[in-house]
Amino acid sequence: MPDLVREELARFIGLSPLSMIDFRTELSSCVTASDASESGGGVTFSRGLTEAGSFAAQCQIRGDVVEPLEVDSILTIGLFDGISALRVAVGALNWNILGHVSVESNAEARRVVEARFPTTTFVHDVQEVDEAMVRNWACQYSQASLVVIGSGAPCQGVSQLNSQRKGALRDQRSRLFQHIPRIRDLVKRAFPWARVASLSENVASMDAQDRAVMTQAFEATPWMVDAKDVSLARRPRLYWLDWEILPQEGASLQLSRDAGAEAFHEAHLEGFIKEENYLKPGWKRVGVEPLPTFTTSRCRSHEGHRPAGKEHCLPHELARWEADHYRYPPYQYRDKHCLRNAKGELRLPDIEERECIMGFPRGYTMQAQKKALQGTPDHEASRLTMIGNSWNVTIVAWLLNHLGYILGLHALMSPQQVIERTAPGAGPGLQSFLQRPPMRPTRASPGHHLEHRLVRKLTTLVSLKGEDLLLQAGSEDVVKYHRLRASLPARLWKWRVAASWQWTGVPGSANGSMPKRLLEGKTKEERIERRRQIGSLKDLTVQPATRARYDKALERFFDYLTHESLALPRNRQLMDSITSDYVEHLWSSGEGRALAADTIAGLQDTQPQLRGHLQGTWRLLKTWNNSEIPNRAPPMPVEVLDAMGGKRQGAAESVKVTVVDIIRRAEEEEATIDGMVEPGLQDVRIVERVGNVDVADRRTRRTRNEEEVRNGRAYEASPRSQNPNFWTGFFESSDEGDESYVPERGDRDEDDEDLDTGMRQFMEGSRWSEFRNEAWPSLMKVLQDPPVDDPHEPGLQLDGCRVTLLSGRGCVLQCSEALGIQEVLRKAEDALQVKLESLVSSQGTLAPHLRLRDVGSRDLVALAKTAQLVGHSRSLGFALLRADGQLLSWGAAEQRNVAASECSYAAVLMDGGLVTWGSSHFGGDSQAVQEQVRGLVQIQSSCCAFAALQEDGSVISWGHPSMPQTTAERLMLSAARQNPVTAIQSSSHAFAALLKDGSVTTWGNKDYGGDCSAASALLDVQCLQSSAGAFAALCSGGRVVAWGSADYGGLGPADLRDVTKIQASARAFAALRSDGHVVAWGDASCGGDTGPVARQLYDVVEIASAPRAFTALRADGMAIAWGDPSSGGDAELCEVTAIQVTSRAFAAIKRDGSVVTWGHSSCGGDSTSVSHQLWGVRHIQSSTRAFAALRRDGQVVAWGSRDFGGDAAAVQGMLYNVQMIQSSRNAFAALRGDGHVISWGGDDEPQMIDPTLRIRRLG
């Protein structure tokens, strides 16, 4: 037997005690921490949460809020990136970041960016960016739909603080701005599918001539914005943008009247800033003026040349400047620019306060230098300089906020909202709280339940492989390794020391000897000998076994190069092409993915300069990994371990998994296993090796001795097996019924004997005895069960079927190949605790009658049922149909359909019953027909009567005595003769019923369509439409037949054909023909004449109707209306995607998400009061006299008559994260992502409906 097979068997037996372990143990709320220093080490454990920890436990994590389904992916590129204020600003806006490219020459700044955003692509110099590099970015970030380029060229040559400035074109550093337009054009050419937006920043104090030079280069007029309006410090800067800054509350925009290159616009912002959020406890500003602009830190031994503001400083202020080694310009040290505490002490803002004031998280620049140098004067000076050179994040976020609004990414945020997003401790998310900690202690009530909640939330930051907890930006992809990682802050817990110690023989000072010296040796000679034994550093980069794999894989790779007459290129870019071809060669040759991965990893290990240059090859390997079934069986789930422990019947499945794994490992060792027989099963899997090809055949074979099966022999090898080392029996029953371990040996060696001894000792132990006594009887019972004749041939449950929701949550089901898709769906519902609609694979939606063996993939996607909010224009209430089939109703939603005559009402109840009220002469009394009610489906009303369609296709009618009932009686008889009614329509004084055979029956006042006998060729009718006094039928072949009053459209055009759809107003009809033209007839004041707009009615795809007007929507997005001008019949607009109507007004959604309304103002035809809120609209609903629009950001805007839901001010604070809106006759309801429903309008008070209340199941 191969060694690996024996090891696998021993491992399986050794894992048997795991069946006694509870793998579902709850998380402990106790947190431990350990660390070591130069002097000693220690272990601590938590004893409760601090106020900061209690606050963190109540923060949100991913999954607590509903995420949008459609999210744009954004790439940010920072030129002269510094510490990447652009990336921080974009993160504050919660944009979906695909990646970030940082072009920055300062190594310390790059280190800061890497610490916060580890997936950043770094470029050392802006002059290195060429077309090939930008194309590489396009390949790497091909999913980007928006590329934002932010640049802040060096300002030393143009700033007025520099008395020796040379100008934008003459200064060697400042003239680098000329690369910005060049790189912008390269990006636009490389990303033709994406929107490319550009933002450039520089100082506002530059000369007009320098400003004109940059304006001509950037091809945009700059905006001058000072950060003093949104922060505690000044920072006047010029920003060149290629998008529009929109007027809004809290922002005063002053556009320049000068069209020259020296012109600039100004924006003055308004916002409330809480000083205590940005300053350390106990400190306040001396004056009310903003702090001066932060500058770079340069400690000197003497004054510089012409220091700025010295003439305005008092002697003690100059002394303060001198004591600080002339770090900043002297005006910074004036008393009014300092902070003061209760003792009257003055100081300048420190680095953490400056970070917060500039919009960065506290401690953002801490990683500027390695840990050993942190806290030194050089480290602090470096941090202060980087902050002095950076942008103000709040201002940049406000500018980008306008771009996001224009592109429909979010709502337009006010300056105050942007301030709140960049303030310390901002944001409800846990990662935001940890990444952007508050300056002052948070206030929260501690509690034991919060400890457990915090631990559970923090585990969402742990990878499946058990790496450290890593803190990253919420918009950053999770990485497995981060060399500059930020760990969890200890300030969340209260700690108690469990153990501590000092290193023996090591001085206690921090500068003493490192503990590793005790291990490596105290002298140089001892260290040399020790390191000689360990090996060279190159050998230690990987483990010896890994090195052997790399060498073997590289040998195969070099053989491939020799065979293909290829040579290793000197250009690293060409190497990616060769390795990609080699991976394709391995794929087509049937080789394993491990060989390809070892080859590429080995190349990068031997040639480290290849790292980052084989992106195409690694992409192929990722595709390979996603496309190939895993080679190793998954770990045993809890169910299998429970079965091994006797807790479940069916323990034989775990043995089957083991046997199949043995077969697989034997195949890898090229062992010939001619026949692996499973006793008790009619179907036997035969695995043979023919040369280098494995041939799997399924044959029907009986075991040679069924008596052996009954006596307990679990598995038996075929007599054709030629492998003497293969054990032909695992267990054998004795006469006393006690199973004893008896291996049948072939040729054995000493290793086999040692293995037998170890396994025997294990089985003789108490744990094995317990396991054997509990599990083995049930196992033998399963094995001894007679075979079941299944025509579908159930296969082994070897591989799991993975079912994943669109949210990413999923499960693995152990399913037989013969299991039906419907049964898999049921199993997935039980595992995920979610009602599912269907399963989808690469083949599409899977039909319920299919079996798992018919599906090409075992990775399935499950589509969950979603809650549906139901309302109707004739209903007085709403109903919420939950995904689990339960119904919640309120208002008048207990009535499925409501109709009204002039003085009466009738409603169809949810159980199909009928209720009426009002005047008996107008249908308010239905006692005469209650005995005939057998499950109503639909109800229609005229002005004085009702007609109702039932489930069996019959019709009942009641109402005014003058309304003839004999026709309804005939329809009852017609349904009994297998010609049921499929639909009914009504005019003001008549009814029409469409029967299954395509014929039509009418009753009522013949002047209003109650008699269709004069209508010729009324056959093969497809659908009916009605105005107030006439009917129109659409027949097969597109024919139209009309009857009733001519004043109401009862006299249609002769020989009207090729019609696909009919719409009706109160007194007219409009028919849409297959060629896209429209024909109308009836009262011209209600849209019955298209004469004024006839030439424009071509390529029409949809017609919308109101009582007195029509609107046609063309394929090119043009909307044309005709009819009564006061009711919306006089309008023409372009770029329309959808139209909604009330009784006398229209609303159209345009392609950019804006909304245009027209018609009677009391019915929603005037949306001026809410026009600034109508952006990013994706859907509109209408009541009788009001509209409600749902925006892409989940907000709702309503307008129109207040009594009909046109004013949502009372519930506006609850209308967030809305997924769906519905309307009734006089109200609206909105379904939020958390399942709650908000309703407003009508006669009832606005209310919020909890979906867990008043539930009753349908059917």
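**Close-up views of a predicted model**

**View 1. Asp-1099 lies in the loop between β44 (1078-1082) and β45 (1100-1106).** The model shown here and in the following views is predicted. Although Asp-1099 is not a glycine, its phi is positive, at about 50 degrees. Most residues other than glycine have a negative phi. The relative accessible area of Asp-1099 is 44%, so this residue is classed as partly exposed.

**View 2. Ser-84 occupies the loop between β3 (74-79) and α3 (85-92).** Ser-84 is not a glycine, yet it has a positive phi of about 60 degrees. Is Ser-84 buried or exposed? Ser-84 is buried, because its relative accessible area is 0%, and buried means under 20%.

**View 3. Helix α20 (residues 593-606) packs with helix α21 (residues 615-627).** The angle between the two helices is about 155 degrees, and their axes are 11 Å apart. Angles over 145 degrees count as roughly antiparallel, and therefore α20 is roughly antiparallel to α21. The crossing in which α20 passes α21 is left-handed.

**View 4. Residues of α20 meet residues of α21.** On the α20 side, the contact involves Arg-593, Ala-596, Ala-597, Ile-600, Ala-601 and Gln-604. Their partners in α21 are Thr-617, Trp-618, Leu-621, Trp-624 and Asn-625. How do the residues of this contact divide into nonpolar, polar and charged, and how many are there of each? Seven are nonpolar, three are polar and one is charged.

Methods: Residues numbered from 1 in each chain as written. Predicted model: local features only at pLDDT ≥ 70, side-chain atom pairs only at ≥ 80, totals over all residues. Heavy atoms only, no water. Axes fitted to C-alpha atoms, helices over the stretch in contact; angles between N-to-C directions. Helix = DSSP H or I, 4+ residues; strand = E, 2+ residues; numbered from the N terminus. Parallel < 35°, antiparallel > 145°, perpendicular 65-115°, else oblique. Left-handed = near helix turned anticlockwise from the far one by under 90°. Contact = heavy atoms within 4.5 Å. Nonpolar A, V, L, I, M, F, W, Y, C, P; charged D, E, K, R; others polar. Buried < 20%, exposed > 50% of the residue type's maximum accessible area, 1.4 Å probe, protein only.
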